[in-house]
Amino acid sequence: MIADARSDIHALFDGAPDTTEFRKLRKRIVRETRAAIDDFGMARAGDRWLVCLSGGKDSYTLLAALHELQWRGLLPVDLLACNLDQGQPGFPATVLPEFLSKRGVTHRIEYQDTYSVVVDKIPPGGTMCSLCSRLRRGNLYRIAREEGCSAVVLGHHRDDILETFFMNLFHGGRLATMPPKLLNEEGDLVVLRPLAYVSEADCARFANAMNYPIIPCDLCGSQEGLQRAQVKRLLDEWEARAPGRRQVMFRALMNVRPSHLADPKLFDFMSLWPAEGAEADLGDVPVLREH
C-alpha cells in the first residue's frame, strides 16, 4: 500500500510506504535531527538557511527532515534548497529542479564549472575530493550571502563525522572532526550538520524507500584507494564484529576529558600539583596485614 501522506506530513514524504517499519524510520530520523538542532543551538527564529542538495541519499534525507520539522512548527527558520551544478560531464541537470518544483520546495540552482578546474589542477589518479570540496564550499558561501542566509546546511551524518575523526587521527595527527556547528573563518556564516545523530544506514534506507532520484558523484566517488574509503571499511568491520560500536564511538566525541589527553594547550598540566599540606584520604583503602 502507498500512503497519501499530504494530510499529515510534508509533501517531501508523499508516496511513503505505508508500513510500520518505515514510519518508525521516518520518526527516528526526524527526532534525531531535531535533537541535534536543539543540542547544538543551531536554530534562531527568523534566520534563513541554505540547505545544500547534492542529489545523494544524505542530502535528500536532510531536506525531507528539515521541511518536516518546519512544517510542524518545530523549526522557525526559512529554508532555501540549493544545488551547485559543478559541470561534471553527464550530470543530469534537470533532475533536481523538477523534483523540487514538483514538491513546492523553494530552491536555487547554480551552475559553476569547478569540474574543469579540478581536472586541470589534479594529476591523473590524484585525489580530487579536497580541491573539489574547497571550490564547492566557496561558491556555497557566496550564494548564502547573496540570498541573505545565516547558515550553510550540509548533509553530513554520524558516520561521516566518525570517518573524518579517524582520518585526522590516522593521517593528520590530530583529534578533530567535522563539528555539528562551525563558524566560518570570516565569522559571518555558520556551517550546520543537523544529521549529526543520524546513521548512514538510516539515510540509505529512507532514500531508497522514498525512491528519490539519486545522483551519484562520479568525480571523487569513482577513485580507488581513497583514505576515507579505507577508514569506512575499517569501521564496517568493527561494526560487524560488535554491532553498535559506531554509536559508542560517536558518544565518545561528546564526552571529551582534556585532563586525560596530552595537549598542554588544552589543559594546564604545568600547574597540576598536589595542594600544599594535602593528605590522601585512606578511609576506603584496604589495609594489607602480614600474617
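Let me start with a term: a residue is buried when its relative accessible area is under 20%, exposed when over 50%, and partly exposed in between, using a 1.4 Å probe and protein chains only. On that basis, 41% of the chain's 291 residues count as buried.

A word on the source. This is a predicted model, where local features need pLDDT of at least 70, side-chain atom pairs count only at pLDDT 80 or more, and totals for chains, interfaces and linings use all residues. Residues are numbered from 1 along each chain as its sequence is written, and side-chain values use heavy atoms, with hydrogens and water left out.

Now the layout. The chain has 9 helices and 6 strands. These are DSSP runs numbered from the N terminus: helices are H or I with at least four residues, strands are E with at least two. Contact means heavy atoms within 4.5 Å. Among contacts in the chain with a separation of 6 or more, 74% come from residues 24 or more positions apart.

Next, helix H9, residues 245-253. Which of its residues are buried? Arg 246, Met 249 and Phe 250. Seen down the axis of H9, they fall within an arc of 100°, so they line one face of the helix. That arc is taken from the directions from the helix axis to the C-beta atoms. The cover over these buried residues includes helix H6 (158-172) and helix H8 (227-241).

Take H6 and H9. Their axes come within 10 Å and cross at roughly 70°. Axes are lines fitted to C-alpha atoms, for helices over the stretch in contact, with angles from 0 to 180 degrees between N-to-C directions. H6 and H9 are therefore roughly perpendicular to each other, a label for angles of 65 to 115 degrees. On the H6 side, the contact includes Phe 165 and Phe 166. On the H9 side, Met 249 and Phe 250 are among the residues involved. By class, the contact has 7 nonpolar, 1 polar and 3 charged residues. Nonpolar covers Ala, Val, Leu, Ile, Met, Phe, Trp, Tyr, Cys and Pro; charged covers Asp, Glu, Lys and Arg; the others, Gly among them, are polar.

Now a second pair. The axes of H1 (residues 20-39) and H2 (residues 57-71) come within 10 Å and cross at roughly 75°. This contact has 6 nonpolar, 2 polar and 3 charged residues.

Last, Trp 71, which lies in H2. Trp 71 is partly exposed, with a relative accessible area of 42%. Its C-alpha atom is separated by 6.4 Å from that of His 10, 61 residues apart along the chain.

Notes:
Angles under 35 degrees count as roughly parallel, over 145 as roughly antiparallel, 65 to 115 as roughly perpendicular and the rest as oblique.
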